[in-house]
Each structure stands twice: as C-alpha cells, then as structure tokens.
Amino acid sequence: MDLTPNDDQSAFVTATTDWCRDTMPLEGARDRPANLWDQLEAMGLPRITAPEANGGLGLDHATEALVFAELGRFLAPVGLLSSAVANRWFAEPFDGKVALALTAEEPGPLRVLDPADSAAVLMVQPGSVRVFDIPDSFTNQQTGERHVTEHRLSLDPSTDQAWQEWTTTAVWTEGDPRPPLHLQLLAAAYAVGCADAARDMAVDYAKVREQFERPIGSFQAIKHMCADMAVRAAVARSQLYYAACALDAEDAGMTFHVAAAKRLADQAALDNGRANIQIHGGIGMTDEAYPHFCLKRAHLLQFVAPANGAALLAA
C-alpha cells in the first residue's frame, strides 16, 4: 500500500491550501463570506468522491482525505462533511449543502450543525446513514417555539446549530458499512487539520514572543511542547492516510483503521489545542485571540462519528 501522495494529489492539496488562505482564513472563522458555499461548490469540494454521473469528481477517498485535512486546518464548514458523504452514497444528487445532525434517539429532536441554507440533513446511525428533509420550521432550543429563523452558535464559534424534529421523509443506506466509515474518516481528516493548525500557530508565536530578551521558542520546555505537538499530528496523519487507503481497497480491517484514525486525530486535535493555548500564555485565554478556535473545533469534532470502542478492541 503506497501512502505517498502522487503529483495530482499534491497539486490538489496545494490549490486547496492557497484558496483557503485567501478565502476563509482561520482568523476569520466567525465571519465567513456570504457566498462561501457557492465557492466551495465551484471548487468541487463537496463532491470529490461523488460519481461523475452525479456531477462529482469521481476521485478516491485517499485524495479526499488529503484535501479535507487541509480544509480542517482552516476550520472549513462542518456541512462539508455531511455533504461529501451524501453526494457519494445516494443516487440522487443533492442541490446544495447537506447539514449534519449529531446522532440522536428517535423521537428526540435532532441537533443540526451548519443548518443555514441547507437542502437536507444527514445523520449517521450504527450500520447506516440517514438523510432527512428540512421542514420549514425549526425548534428553538430555549423557548420551544417553532417557525424560528435564528440559528444559535454551538460550542465551536464558527458553526451554527439548530434543532429539528424527526421527519417521516427519510432515505438511508443499510447493510453497507462504508457510508458511516466515510463520515468518520472525513471527521478524522478535519481533526488532523485542526491539530496541524494548532501546532503551526504555537510554533509561529514561540518564534516572535520574547521573554528575558529571547524568543520563548528557545527555552527547552517550549521546545518539548512543540515537539510533542508535531509528533501527535504526524502520527494522526499517518493513520489517516492508511485508513483512507484501506477504505478505498475495502480492506477487511477498514473499520478498525478508520476508528483508529478518528481516535488518534481527536486526541491530537484536543491535546494540540490545549498546548497551543498554554504556549500563548495569557493571550491564549482571551476570546479576542485565535488559539481557542482550534480547541473548540476539536471538542465539537469529538461528537461527529466518534470512534467505536468495540471496533478498536475487536482488532
């Protein structure tokens, strides 16, 4: 199994990174461009693995994981995860964004992430992925009133959320383990990118912040923290690559490898997010600074297709 990105994959990743840096920098995570989704669609990012017959690029999961890791570095919209899965596994193409619902028990309400201007809602369940229509009304999580248009912020300040009740109109995949694994893999890719962003932010700050007339990056304690961040990110990225290739090959151990990728990526994103805030010191604790963006996104990603302990222990 060759885990080295080829020239086409590297070019796709570079183009995505350059576009993200210009269009949706991490520092602007609270205020994204109004037409951001249209630009994402124009780039083909929600349809990387979708069949060409449905307007997709028809590429493999390995390429998609590489690109989504870069998108995760810039805290790209959570709706990209669910849209990519919906466009890949359902025969009818979706016209617009597909929001992501965290797993819930029927008939309880669905917590929907990134609901604005969505065409549908996707939720993963054991052994299947379900897609619901979005009704004209949402339920306000505080007042219980219906027909509200306000979407409240989630733990992650870059992601809105709303509540939706279960609808009778739902389509789902069943008997195919790949769609839930696909969502888990992409969430892991986002977490890897988040870990990378926190690492880079900490290293850049350690180079310019001075104490005792020396950059704090010259102190051994800070060096060790940055080295640990780099190791965690590298380990998570390696497992992400392997899991993506295993899913492409439909390897017998793909469930384990994808679950391992999610577990390592989540832990790397959380630990790097915390270390990034610590290296920034007092400014890292303030809302006006940016380090908390990575940590809060890491916490949110823990709830998206979490790693199944049984799958990890069964290997």
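**Helices and strands, one question at a time**

Me: What makes helix H8 (residues 291-301) largely enclosed by the rest of the structure?
Reply: In this predicted model, 9 of the 11 residues of H8 are buried, so the helix is largely enclosed. Buried means under 20% relative accessible area, and the residues of H8 that pass are Pro291, His292, Phe293, Cys294, Leu295, Arg297, Ala298, Leu300 and Leu301.

Me: What covers the buried residues of H8?
Reply: The cover includes helix H4 (79-89), strand E2 (110-113), helix H5 (178-208) and helix H7 (254-280).

Me: Why is H5 called roughly antiparallel to H8?
Reply: Look at the angle: the axes of H5 and H8 cross at roughly 160°. The cut-off for roughly antiparallel is over 145 degrees, so H5 counts as roughly antiparallel to H8. Their axes also come within 10 Å, and H5 passes H8 in a left-handed crossing.

Me: Which residues meet there?
Reply: From H5 you get Ala187, Tyr190, Ala191, Cys194, Ala197, Ala198 and Met201, and they meet Pro291, Cys294, Arg297, Ala298 and Leu301 of H8. Sorted by class, that contact has 11 nonpolar, no polar and 1 charged residues. Arg counts as charged, and Arg297 is on the H8 side of the contact.

Me: How do you know that H1 is roughly antiparallel to H2?
Reply: The axes of helix H1 (residues 7-23) and helix H2 (residues 36-43) cross at roughly 165° and come within 12 Å. With a cut-off of over 145 degrees, that makes H1 roughly antiparallel to H2. The crossing here is right-handed.

Me: What makes the contact between H1 and H2?
Reply: H1 brings Ala15, Thr16, Trp19 and Thr23, while H2 brings Leu36, Gln39, Leu40 and Met43. They split into 5 nonpolar, 3 polar and no charged residues.

Me: Why is strand E3 (residues 118-125) called mostly covered?
Reply: Count the buried ones: 7 of the 8 residues in E3 are buried, each with under 20% relative accessible area.

Me: How do you know that E3 pairs with E1 and with E4?
Reply: Pairing takes at least two bridges. Strand E1 (residues 97-101) and E3 have 5 bridges, in the parallel sense. E3 and strand E4 (residues 128-133) have 6, in the antiparallel sense. Check Ala120 in the structure: it is the bridge partner of Val98, and Asp133 in E4 is a bridge partner of Ala120.

Me: What sits between E3 and E4 in their hairpin?
Reply: There are 2 residues between the strands, and Gly127 in the turn has a positive phi of about 85°.

Conventions
Residues are numbered from 1 along each chain as its sequence is written. This is a predicted model: local features need pLDDT of at least 70, side-chain atom pairs count only at pLDDT 80 or more; totals for chains, interfaces and linings use all residues. Side-chain values use heavy atoms; hydrogens and water are left out. Axes are lines fitted to C-alpha atoms, for helices over the stretch in contact, and angles run from 0 to 180 degrees between N-to-C directions. Helices (H or I, at least four residues) and strands (E, at least two) are DSSP runs, numbered from the N terminus. Angles under 35 degrees count as roughly parallel, over 145 as roughly antiparallel, 65 to 115 as roughly perpendicular and the rest as oblique. A crossing is left-handed if the near helix is turned anticlockwise from the far one by less than a right angle, and right-handed if clockwise. Contact means heavy atoms within 4.5 Å. Buried means under 20% relative accessible area, exposed over 50%, partly exposed in between (1.4 Å probe, protein chains only).
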